[in-house]
Amino acid sequence: MGENAAPKIVVGLGSCGIAAGAREVLAAFERELKRQGVRAKLGRTGCLGLCYREVLADVITKSQGRISYGNVTPEMVPRIVEQHIINDKPVEEWIVLGDGYTTPDTDFLTRQYRIVLRNCGRIDPEAIEEYIARDGYQALQKVLTEISPENVILIIKESGLRGRGGAGFPTGLKWEFTRKAKGDKKYIICNADEGDPGAFMDRSVLEGDPHSVLEGILIAGYAVGAQEGFIYIRAEYPLAVKRLKIALEQAKSHGFLGNNILGTPFNFNIKIKEGAGAFVCGEETALIASIEGRRGMPRLRPPFPATSGLWGKPTCINNVETFANIAWIISNGAGKYSAIGTEKSKGTKVFALTGKIKRSGLVEVPMGITLREIIFDIGGGIKDDGKFKAVQLGGPSGGCLSADLLDIPIDYETITRTGAIMGSGGMVVADERTCVVDLAKFFLSFTQNESCGECVPCRLGTKRMLEILIRLTQGKGEEEDLYLLRNLARDVKVASLCGLGQTAPNPVLTTLEYFKEEYEAHVRERRCYAGVCTDLTVFVIKDNLCKGCGICVKHCPVEAIVGKRKEIYHIDESKCIKCGLCMEHCPFDAIYRA
């Protein structure tokens with residue numbers, strides 16, 4: 001910031017920020033600056049990752065550097081402008097991050113290693129100049145002018161980068177297969193069809209730093225010999241689509257896209273294909289079918305897309321996070337990247353940390369870090385100081401791990417051995433108030449609904465599994481259901497055609513493995529430990545604690561609480577709908593689940 005530079009205010013305008021009211025905060029800053037006649041620049045940025053603190057607003061001044069305020073509302077804006085911008089005194093009690101300040105939120109970032117998220121929350125995603133100012137497109141220029149395609153592939157292979165879409169296949173090897181494949185035309189596809197419940201890594205990268213993804217695609221195109229690429233993104237991500245379109249136009253106008261890129265013979269164009277939001281289209285052969293205009297259904301492999309992909313041509317498919325790593329690796333060297341992580345899982349991984357966690361958001365951590373470090377050191381532990389029960393890794397196709405596994409290192413091989421998968425990076429934390437049988441039912445309901453129905457094991461197998469889970473949560477399960485559920489899950493896993501069916505049983509198998517006693521309680525005791533399954537739950541009023549205040553009566557929506565004021569109340573189970581409002585509002589803790 002120059003000697004006479006005006007202060008700058010930057011508001012986080014990712015989807016999470018907008019949902020929390022960022023547009024209203026930005027408008028409030030505009031009004032207040034105008035009202036007070038203050039000269040300051042206003043700007044936007046994407047998600048920094050601290051989703052639990054949205055709306056985030058940064059004030060950047062020459063004297064104080066960058067100060068981030070959290071949970072900003074329009075009502076807070078006048079004080080920030082007057083105290084910080086006019087009088088140069090930051091509002092300390094609202095600071096989330098800042099040079100010279102240590103806050104509870106500092107831990108959220110200090111344990112992270114940001115490669116993919118290096119620019120998110122730091123630049124204006126709609127201004128290519130800000131990406132270029134942070135060394136953007138220098139890696140592209142370097143490969144086009146100094147490095148042969150074969151050596152680009154060698155660098156990526158030496159970095160140890162594995163595909164971040166879930167399977168973890170070595171990226172450089174996939175590029176090499178595509179380059180060596182015979183074909184008069186080749187394609188690059190960026191898989192941005194992120195559809196896992198609880199996952200928003202790719203969306204945030206596209207909203208916050210779209211040029212890093214474009215640069216990775218361009219470098220991949222140069223390496224494999226392709227001249228055309230597609231970004232397959234679900235239409236449910238309108239902000240990401242909008243910013244991608246802006247980025248494509250800017251890249252063209254600056255000579256990074258199109259013909260004779262940066263004055264070299266390399267030509268490359270990128271098109272956006274908006275998908276309808278089918279989870280199965282995360283499967284690469286189904287995604288290809290969708291781009292070709294056919295129904296998004298997978299096919300048997302081989303042949304793999306590297307040799308026969310889009311319209312039968314050699315095609316390299318990687319996801320958003322994979323491409324966002326590429327420019328950093330080229331600029332910093334394979335050795336620096338491979339020095340991060342474990343022996344077989346190099347670099348970093350982005351996780352969407354959600355659920356019953358104090359600090360939810362995006363975290364990028366070195367491979368090899370433990371679950372405990374992510375959940376407790378970075379995430380701050382369980383919300384409301386609850387007790388940790390489980391963590392679901394890898395979205396609906398992942399697995400549910402217990403507290404006994406909190407200290408395992410996160411890498412592809414270790415996670416696979418637990419029965420879960422790394423997946424694309426969803427990490428949903430559950431506390432003791434979560435019923436794992438109900439949780440498995442939730443995830444299986446999702447995959448069963450999203451099954452394309454092409455193969456019988458997936459189409460019917462997941463349906464039968466779901467029926468059993470429903471019986472268990474209704475208190476109608478029998479002993480043999482547990483045996484049948486486990487065997488059916490194993491069969492579906494082995495016999496399904498594509499990754500959706502092959503991984504759909506994971507939540508069931510892992511919860512049966514690590515929380516067997518809860519399944520048995522549902523069958524043998526007709527009891528839900530967490531008090532979630534309504535058919536297995538009753539609410540009871542403790543006679544010795546009830547004061548007869550009548551507050552529970554006022555909040556019961558179905559008049560299920562009977563009795564007279566100043567006397568002990570009782571609950572009519574025949575009317576109770578198990579909503580829990582009575583327990584929630586009782587000031588004397590006289591009502592409990594049983």
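**Salt bridges, cores and a pocket**

Let's begin with Glu283 and Arg301, whose side chains meet in a salt bridge with an N to O distance of 3.9 Å. Glu283 sits in the loop between strand 8 (269–275) and helix 12 (284–291), and Arg301 in the loop between helix 12 and strand 9 (315–319), so the pair ties together parts that are 18 residues apart in sequence. A salt bridge here is a side-chain nitrogen of Lys or Arg within 4 Å of a carboxyl oxygen of Asp or Glu. Helices (H or I, at least four residues) and strands (E, at least two) are DSSP runs, numbered from the N terminus.

Before going on, a word on the ground rules: this is a predicted model, in which local features need pLDDT of at least 70 and side-chain atom pairs count only at pLDDT 80 or more, while totals for chains, interfaces and linings use all residues. Residues are numbered from 1 along each chain as its sequence is written, and side-chain values use heavy atoms, with hydrogens and water left out.

Back to that pair. Glu283 is buried, at 16% relative accessible area, while Arg301 is partly exposed at 37%. Buried means under 20% relative accessible area, exposed over 50%, and partly exposed in between (1.4 Å probe, protein chains only). Arg301 also takes part in a cis peptide bond to Pro302, with omega about -5 degrees. For context, most residues other than glycine have a negative phi, and most peptide bonds are trans.

Tyr137 is not a glycine, yet has a positive phi of about 70 degrees. You will find Tyr137 in the loop between helix 5 (128–133) and helix 6 (138–146), and with 2% relative accessibility Tyr137 counts as buried. Lys578, not a glycine either, has a positive phi of about 65 degrees; its place is in the loop between strand 17 (570–571) and helix 24 (581–585).

Now back to charge pairing. Side chains of opposite charge can pair when their charged atoms come close. The structure holds 42 salt bridges. In one of them, the closest N and O atoms of Glu93 and Arg79 are 2.7 Å apart. Glu93 lies in the loop between helix 3 (77–86) and strand 5 (95–98) and Arg79 in helix 3, so this pair links parts that are 14 residues apart in sequence. Glu93 counts as exposed at 52% relative accessibility, whereas Arg79 is partly exposed at 34%.

Glu228 and Lys185 form another salt bridge, with their closest N and O atoms 3.1 Å apart. Glu228 belongs to strand 7 (residues 228–234) and Lys185 to the loop between helix 8 (171–180) and strand 6 (187–192), so the pair ties together parts that are 43 residues apart in sequence. Glu228 is buried at 13%, and Lys185 is partly exposed at 36%.

Next come the nonpolar cores. The largest has 70 residues, and those with the most contacts inside it are Trp175 and Phe268. Helix 10 (residues 210–224) supplies the largest share of this core, nine residues. A nonpolar core is a set of buried Ala, Val, Leu, Ile, Met, Phe, Trp, Tyr and Cys residues joined through side-chain atoms within 4.5 Å. Leaving aside residues up to four places away in sequence, Trp175 touches residues including Val152, Ile156, Ile219, Cys316 and Ile326; contact means heavy atoms within 4.5 Å.

Finally, turn to the second largest pocket, with about 290 Å³ of space. A pocket is an open set of points on a 1 Å grid over the protein atoms alone, where a 1.4 Å probe fits, with protein on both sides within 12 Å along at least five of seven lines; lining residues have an atom within 4 Å of a point. Grid points are joined across faces, edges and corners, and the volume is the space filled by probe spheres set on the points. This pocket is lined by 17 residues, with Lys8, Ile60, Arg66, Arg122 and Glu130 nearest its centre. Strand 2 (41–45) gives the most to the lining, four residues.
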